[in-house]
Amino acid sequence: KWFEIVSNMSKEQANILDIGCGTGSLTTKLQYLGQVTGMDLSVDMLAVAAQKCPHIVWLEGDMTDFELQQQFDIITIFCDSLNYLSTLDEVKLTFENVYKHLSENGVFLFDVHTVHKMITLFNNQNYIDDNEDIFLAWQAIEGEEPYSVYHDMTFFLKQADQTYTRFDESHYQRTFDEQTYIKLLIDCGFKNIETFTDFNEDEHNENADRLFFKVSK
């Protein structure tokens, strides 16, 4: 779904930077739209990404503070990666870095959790996801700050000998309301700000789970 959003606005052979690329699942698809670079804070995730596609440029970097000495036609921060920034200062620093690395009239695309989702789905709820090779027990605990959440997750990964290995992870995320993001984008110099929800570029639903932004330099 994220690939379709990028492809809809990608010119031929675009130069793309995918920030918060993780293990590169989306980044490897974006290579079909042009030259792509993947950046993430996690060395472990980048190692997995490099195994998937060795010829893509994979960079370790912090979205709030990076200098790549080149500009890009499209920069993406997808899969609610921006929600790992817990302060407005961090979000603004990220927007400033993106702006600096965009070519003239370049496009910046990102998505965040909606306020509605934080209040309704991430409000001390428990979830279970049972697939063939992995079992996930996930608790979403309301954070102290407005529109924030702690994700406490326990994974049971099926091994070749049919036993399971347990992994535990904890993540903290926070979102802000739409107008707050828009003000920060304007302050950083972005223009042509468009928003839509849940992967539908023609829809803006107040009860949606995911809010998308499309802006240009």
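These questions and answers concern a predicted model and the terms used to describe it.

Residues are numbered from 1 along each chain as its sequence is written. In this predicted model, local features need pLDDT of at least 70 and side-chain atom pairs count only at pLDDT 80 or more, while totals for chains, interfaces and linings use all residues, and side-chain values use heavy atoms, with hydrogens and water left out.

Q: Why is Thr 94 called buried?
A: Buried means under 20% relative accessible area, exposed over 50%, and partly exposed in between (1.4 Å probe, protein chains only). Thr 94 has 0% relative accessibility, so Thr 94 counts as buried.

Q: What makes Met 63 a contact of Thr 94?
A: Contact means heavy atoms within 4.5 Å. Thr 94 touches Met 63, Thr 64, Ile 77, Leu 82 and Leu 85, not counting residues up to four places away in sequence.

Q: Where is Thr 94, and what is a helix here?
A: Thr 94 lies in helix H4. Helices (H or I, at least four residues) and strands (E, at least two) are DSSP runs, numbered from the N terminus.

Q: How do you know that strands S1 and S2 pair?
A: Two strands pair if DSSP finds at least two bridges between them. Six bridges join S1 (residues 14–19) to S2 (residues 34–40), so the two strands pair, and they run parallel.

Q: What makes S3 and S10 edge strands?
A: The open sheet has seven strands in the order S3-S2-S1-S4-S5-S11-S10. Strand S3 (57–60) and strand S10 (191–197) each pair on one side only.
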